[in-house]
Amino acid sequence: MKIDLYEKAYLAVSGVLLVFCLAALLYAATVRGIHLPTHVAEVDPHRLAQTPPFDRPGVRQTGPNQYEAVIVGRAWVFDPAVIEVPAGAEVTFTATSADVIHGFNIATTRVNMMLIPGQVTRMVYRFRSPGEYLLICHEFCGIGHHTMAGKVVVR
Ligand code: CUA
């Protein structure tokens with residue numbers, strides 16, 4: 001079987017790209033410590049009302065210009081449904097689910113997490129401009145899925 005010169009070049013470029021992408025993935029995961037925003041801790045989904053910080057969902061200031069937003073997702077609401085934070089502040093979203101798997105996506109931002117019962121999901125984000133940001137559940141979670149939404153108000 002004769003392999004055309006262009007075919008050989010194409011195969012070589014594909015091979016190099018594969019190795020490069022794998023190396024980039026390994027570099028990001030090991031050296032830079034970049035992981036999916038999930039499973040930072042475990043929690044009993046049936047005892048959230050007695051388990052800090054989920055016994056008091058809401059936003060609290062944790063330092064100068066630092067806030068933590070604690071959120072519980074359950075069919076079919078986010079608790080709290082309205083999250084208020086200042087523009088430019090570092091906001092740590094700490095969230096979990098009380099029942100089934102929910103999504104947690106803040107439109108027009110890169111905040112995109114899964115809320116999994118029994119697991120704590122965490123992600124840090126900074127809203128640069130004031131405004132209202134739509135928060136939606138983007139994982140099908142039952143008959144009321146399309147109604148599961150909230151908002152982030154950035155002052
Ligand atoms: Cu919660 Cu879809």
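The protein is divided into domain 1 (1-34) and domain 2 (38-154), with bounds that come from an automatic or database domain assignment. Taken over C-alpha atoms, the centres of domain 1 and domain 2 are 37 Å apart.

The model is predicted: local features need pLDDT of at least 70, side-chain atom pairs count only at pLDDT 80 or more, and totals for chains, interfaces and linings use all residues. Residues are numbered from 1 along each chain as its sequence is written, and side-chain values use heavy atoms, with hydrogens and water left out.

Rings of Phe, Tyr and Trp (its six-membered ring) pair if their centres lie within 6.5 Å; planes under 30 degrees apart count as stacked, over 60 as edge-to-face and the rest as tilted. By this rule there are five aromatic pairs. Two of them are set out here.

| Pair | Centre to centre | Angle between planes | Class |
|---|---|---|---|
| Phe78 and Phe104 | 5.7 Å | 85 degrees | edge-to-face |
| Tyr125 and Phe127 | 4.9 Å | 80 degrees | edge-to-face |

Phe78 lies in strand S4 (residues 77-79) and Phe104 in strand S7 (residues 102-106), so their pair ties together parts that are 26 residues apart in sequence. Strands (E, at least two residues) are DSSP runs, numbered from the N terminus.

Tyr125 and Phe127 are both buried.

Ring pairs join Phe78, Phe93, Phe104, Tyr125, Phe127 and Tyr133 into a cluster.

Technical notes: Helices (H or I, at least four residues) and strands (E, at least two) are DSSP runs, numbered from the N terminus. Buried means under 20% relative accessible area, exposed over 50%, partly exposed in between (1.4 Å probe, protein chains only).
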